[in-house]
Amino acid sequence: MDRQTGKRIMLGAALLAAALSLCVGGGNAVQAVMRGNAVRTLVIDAGHGGFDGGATGANGTSEQDINLSIAQRVQLLAAFFGVQTAMTRTDENALNYDPSHPIRQNKVADIKAREKIVQRLADPIFLSIHLNKFSDAQYHGAQVFYSSNHADGKRLAELLQASLAEGCDPENTRQAKQAERTIYLMKQLECPAVIVECGFLSNPSEERRLADTEYHKKLAASIVVGYLRYEGSL
């Protein structure tokens, strides 16, 4: 390992420790103490919400609640370190929900609302938080997917993937992958855009970790470290 690489790892570990100590309580527990002047905005998207709960683990763990918890902590830490942020979903509800409309129409309204939030910004980066689920319970580990619409998406995804392994699961050998074009936001957004699948609810041990808010802090801290490396701040 060369000296520069060692220095980066040490700085990352120090930031991770600081981030974990800061990431306490709910999403509003600490206000940002530094705001960057850059126009660029990190859009933090908590997947699902409201009528659309996402995946559910064998023990009843709900994806939508965990997504929001992790997203709130990412926003808190990113803002603390000077990143300009925006949230698509700030509570347990879906976006633009109308109870008189059928589920499909509400799903379209929700995803279109998220798209509009991103499109209103001059220089956005889109980061969506989700959880995975598969029919085979053996699979585990966070994995990052990127849109091919922007050249920077792959680099951001790779840095996030490495940081998640370093901070949460050193045995995770998964690699960042290009997202399927069938995923609406990955197909439509022109900015750097990634989906962070934070783990598998179908894996019993990982479901237990994902149900623990202490683990949400580790995930959020790792995501912020990866993002700061992407921006060249670390």
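This is a predicted model: local features need pLDDT of at least 70, side-chain atom pairs count only at pLDDT 80 or more; totals for chains, interfaces and linings use all residues.
Biologist: Let's start with Ser163. Why is Ser163 called buried?

Modeller: The cut-off for buried is under 20% relative accessible area. Ser163 has 3%, so it counts as buried. Its place is in helix 4, residues 152-168.

Biologist: What is Ser163 in contact with, leaving aside its neighbours within four places in sequence?

Modeller: Ser222, Val225, Gly226 and Arg229. For contact, heavy atoms have to be within 4.5 Å.

Biologist: On to helix 7, then. How do you know that its reach is close to the expected one?

Modeller: Helix 7 spans residues 213-231, which is 19 residues. The expected span is 1.5 Å times one less than the number of residues. That gives an expected 27 Å, and the reach from first C-alpha to last is 27 Å.

Biologist: And what makes helix 7 "mostly covered"?

Modeller: Of its 19 residues, 15 are buried.

Biologist: What sits at the ends of helix 7?

Modeller: Asp212 caps the N-terminal end, with a side-chain oxygen 3.0 Å from the backbone nitrogen of Glu214. Just after the helix, Gly232 takes a positive phi of about 85°.

Biologist: Now the sheet. What is the strand order, and what is the pairing like?

Modeller: It's an open sheet of six strands in the order 2-1-3-6-4-5, and the pairing is mixed.

Biologist: Why do strand 2 and strand 5 stand at the edges?

Modeller: Strand 2 (85-87) and strand 5 (177-178) each have a single partner strand, so one side of each has no neighbour in the sheet.

Biologist: How do you know that strand 4 and strand 5 pair?

Modeller: Pairing takes at least two bridges. Strand 4 (residues 143-146) and strand 5 have two bridges, in the parallel sense. Phe145 stands opposite Lys177, and Tyr146 stands opposite Gln178.

Biologist: In what sense does strand 4 pair with strand 6, and over how many bridges?

Modeller: Antiparallel, over four bridges. Within strand 6, Glu197 is the bridge partner of Gln143.

Biologist: What makes you say that both faces of strand 4 are covered?

Modeller: In a regular strand, side chains alternate between the two faces of the sheet. Here Gln143 and Phe145 are on one side, Val144 and Tyr146 on the other, and all are buried.

Biologist: Where does helix 4 lie relative to the sheet?

Modeller: Helix 4 lies across strand 3, strand 4 and strand 6 (193-200), and it runs at about 175° to strand 4. Together with strand 4 and strand 5, helix 4 makes a right-handed β-α-β unit.

Biologist: What makes the pair Thr88 and Asp45 a polar contact?

Modeller: The limit for a pair of N or O atoms is within 3.5 Å. The side chains of Thr88 and Asp45 make theirs at 2.6 Å.

Key:
Residues are numbered from 1 along each chain as its sequence is written. Side-chain values use heavy atoms; hydrogens and water are left out. Buried means under 20% relative accessible area, exposed over 50%, partly exposed in between (1.4 Å probe, protein chains only). A polar contact is a pair of N or O atoms within 3.5 Å; within protein, one must be able to donate a hydrogen and the other to accept it, and residues adjacent in sequence count only if both atoms are side-chain atoms. Axes are lines fitted to C-alpha atoms, for helices over the stretch in contact, and angles run from 0 to 180 degrees between N-to-C directions. A crossover is right-handed if, with the strands pointing away from the viewer, the path from the first strand over the helix to the second runs clockwise.
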